[in-house]
Amino acid sequence: GAARLGASAHVVAHERVTRRAALEALKGADLLVTVASIQEEAELPERGSVAAKVFDCMALERPALVVAPRGADVRAIAETAGGMRCFTGAEIEGMAGYIEEVAQGRRPPSRDPRAYRWDSLAKRLDLVLREAIKRGS
């Protein structure tokens, strides 16, 4: 991995750690990376799959590089919340450029990450369920 690429000085490998320790490490990172899929186009199972790391990025207010196929729901979340940039697995030059931007202090703007907080999601789900109950009565 990192040694073969000459990047060992830039990588910290940890053994198993607690969730709290993992989140503390993420909070200290300059850029978070999550890979949903390296495919170009989303197939049905990938469309609705959203890694928890995406929500960690929003909660920790860290910029993120998300590798996901076109058509994946995670792309819509990234667009709404902001603070992240999405690429397909083949967009290597775009990823490299984005990493350089973040390293130079240019971060993508945060838009509305609160839309995906648990309390916001719970309120929206509550409205949907109440409407469904009314229709069923």
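Ground rules. I number residues from 1 along each chain as its sequence is written. Because the model is predicted, local features need pLDDT of at least 70 and side-chain atom pairs count only at pLDDT 80 or more, while totals for chains, interfaces and linings use all residues, and side-chain values use heavy atoms, with hydrogens and water left out.

Entry on α5. I took helices (H or I, at least four residues) and strands (E, at least two) as DSSP runs, numbered from the N terminus. I then listed its buried residues, which are Met95, Tyr98 and Val102 (buried is under 20% relative accessible area, exposed over 50%, partly exposed in between, with a 1.4 Å probe and protein chains only). Seen down the axis of α5, these buried residues fall within an arc of 65°, so they line one face of the helix; the arc is that of the directions from the helix axis to the C-beta atoms. The face turned away from that side carries the exposed Ile92, Glu93, Glu100 and Ala103. Among what covers the buried residues are β2 (64-67) and β3 (84-87). Just after α5, I noted glycine 105 with a positive phi of about 90°.

Entry on leucine 26. I found leucine 26 in helix α1, residues 19-28, and its 17% relative accessibility makes it count as buried. Leaving aside residues up to four places away in sequence, leucine 26 touches Leu32, Lys53, Asp56, Leu60 and Arg62 (contact means heavy atoms within 4.5 Å).
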